[in-house]
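My entries follow in the order I made them.

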Amino acid sequence: MAQSPVLLDTIDLVFLGTIGLGTIAWFTRHQIAERLWGSKSSDGKNAANGHAVGAPSAKKERNFVKVMQEQGRRVIFFYGSQTGTAEDYASRLAKECSQKYGVSAMTADIEMYDLTFLDTVPEDFLVFFVMATYGEGEPTDNAVDFWELLEEEEPEFSEQSAENKPLTNLRYVVFGLGNKTYEHYNAVGRKVDARLTSLGAKRIGERGEGDDDGSLEEDFLAWQEEMWPAFCEALGVDENSAHEGSRQPTYAVEELDPSTVDMDDVYLGELADKPKEGSRVIYDAKRPYIAPFTSRDLFTDTNRHCLHIEFDVSDSNLTYQTGDHLAIWPTNNEVEVNRLATILGLAEKLDTPINVKAIDPAASKKYPFPVPATYRAILRHYLDICAPVSRQSLMSFVEYAPTNESKDYLRRLAKDKDEYRLKVGEAVRNLGEVLELVCGSSVQPGCFSAVPFDLIVESISRLQPRYYSISSSSKENPKQISVTAVTLSYNPDPTPERTVYGVNTNYLWQLHTAAHPGHHDAMNYPEYDLSGPRNVLHGAKLPVHIRRSQFKLPRNPTVPVIMIGPGTGVAPFRGFVRERALQKKEGKPVGRTLLFFGCRNSANDFLYADEWPELFETLGEGSRIVTAFSRETPQKIYVQHRLQENGKDVWELLQRGGYIYVCGDAKNMARDVQQTFINFAIEFGGLSDDKAHEFIKNLRNTGRYQEDVWS
């Protein structure tokens, strides 16, 4: 017994020592990471962002200030991008900065550099942050490290100053990309702006904000009208001396002789480089896994289709949690590939390999996609050729138009935003269609053959994966991942004679019909290459990866949950319900589970109608599904109406700590559902309107009101 105090002292010392070592590790985490793993620029990163065969993976300098000084750059454009739009905007700003205003600039993926060096930026430099907000006010995947730095109570910068305002040297500009239908509109851009200011930095000009639910492009262009004068004043540039000049290419394009190139080294649409023999392959966003899948159509007796697709990831390292998202990499349809190739005069040499490389040695990506690649692979797999072309980029094509009439038409589309809105934006015309449109009746193959291909690469963003809420439970099926996807096609109001097809969902439908020959309908779908590069997708396979989500069930399964998910918004709730039913079967106590689901007709589009009865019978104890079939009643009934009808029951669940989950349309449904809950707080909780709004806000802040919505 006499030795007990000594033993206690030893434990205390070990405990305190552990805390001390942990503290040291935290403050030196960036240096430790550098020594252990080097920079983040791994082979996989190069592969996804574009690389050349045989390109060495040299360690990349993480101090962006040092890079800027060595290369004589006064301005850097950081981007936080999920779909490529913020990256595109940063590139366009940097090009205008250099070419129009004569100030040397560079673009940078924000995760490629160590932002703790912000405190060493010289006062005559300028840092731009072009930041997209993803999900519910979250940073994009590549901006997480920067976000975590800013969220620290006292961020540690490179010189570890004790000052409260360590960034007094920093001058910065912010443009945020968001969507007003979301609760946390442009939260990342606003947070970056506010936090930098609180740390002593000075913003130049007004913070810009773009709304993807309105006109993101027009917001971006309008912001620049005020931003560039402020930019010129800050850097001492004479705005009047700014010059348009001739276009300076961003990329160098070199056609290769097929007879002198080993075609095994040419990319035909592969998303990553070939793994080294004997190396362990890690599948992620930079190297998607080619997953086999099965599919079935959930709709009956209709020309609309909704696919339930199950992917087998057993032979990969991919893991997921219920509520995560699955990314599926699409392929452009052959109609649009041939349309653009034909008008550019490339139809006869689609299989010619080319090299594409950034001219600027400091470019954030030396290669925009894997190279060397064929024209066909680039148009089919690497560029988003089906997306509407931006108004700003159209001006670059004017000089290459074949006639004065087509030149005038292009110039009008580029300068008149109303004309652009009607003919391109609302009509959803891609570059190939716009070039055909301006040629009019004189359109013929090769009309725009004078267009250099580097302009095509510069004007069209990289084709991005499409994300789907996972509709399976990781506890029930850890290596089987399912998604639920409706095929999308519509006729734009300005051009009702034209059909616009969703890039990925129609690709998925064509894959489904190839595996189920009897499932064709009367629709005239575009053709797709279904076998993939070098037949790698033959036998029903697709490239996929996992994206983590904060949309998660409560850790305690006894907590009641209220789920609202009309249409394919029910997808994650299938996973939630199946998981809770599994827990109940395992003998665990499970709280009440309410699901509000809506669709048009119970006979045609009631998703997973065959599964719900058994699942809710297993859950029992008041758990149930409440349905709203909008086309089966004289007045349309939606989920928010059914929610209102069950208001007292729902409010009681909230009083018992219940969680709310909403998935689906952000613009109307999610807003109406939130208002319904506000009304509950007023009617059943006796709160004022202001207190009711505050109640819902508190639910959100504590994770008890979660949304997985889209516009």
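**Entry 1: an aspartate in a loop**

I looked up Asp 273 and found it buried, with a relative accessible area of 17%; buried means under 20%, exposed over 50% and partly exposed in between, with a 1.4 Å probe and protein chains only. The model is predicted, so local features need pLDDT of at least 70 and side-chain atom pairs pLDDT 80 or more, while totals for chains, interfaces and linings use all residues. Residues are numbered from 1 along each chain as its sequence is written, and side-chain values use heavy atoms, without hydrogens and water.

Asp 273 sits in the loop between β8 (251-255) and β9 (289-297). Helices (H or I, at least four residues) and strands (E, at least two) are DSSP runs numbered from the N terminus. I also noted a polar contact of 2.6 Å between the side chains of Asp 273 and Arg 287. Such a contact is a pair of N or O atoms within 3.5 Å; within protein, one must be able to donate a hydrogen and the other to accept it, and residues adjacent in sequence count only if both atoms are side-chain atoms.

**Entry 2: cysteines**

How many disulfides does a search of the whole structure find? I found zero, a disulfide being a pair of cysteine sulfur atoms within 2.5 Å. The sulfur of Cys 97 has its closest cysteine sulfur in Cys 232, 8.9 Å away, which is too far for a bond. Cys 97 is buried at a relative accessible area of 0%, and Cys 232 is buried at 2%.

**Entry 3: a sheet**

I traced an open sheet of five strands, in the order β21-β20-β19-β22-β23, with parallel pairing. Two strands pair if DSSP finds at least two bridges between them. β21 (624-629) and β23 (705-710) are the edge strands, each with a single partner, so one side of each has no neighbour in the sheet. β20 (residues 593-599) pairs with β21 over six bridges, and Leu 594 has Arg 624 in β21 as its bridge partner.

**Entry 4: nonpolar cores**

The largest nonpolar core has 53 residues, and Leu 344, Leu 410, Phe 448, Phe 453 and Ile 456 touch the most other members. A core is a set of buried Ala, Val, Leu, Ile, Met, Phe, Trp, Tyr and Cys residues joined through side-chain atoms within 4.5 Å. I listed a second, separate core of 33 residues, which includes Val 67, Met 112, Phe 129 and Leu 150.
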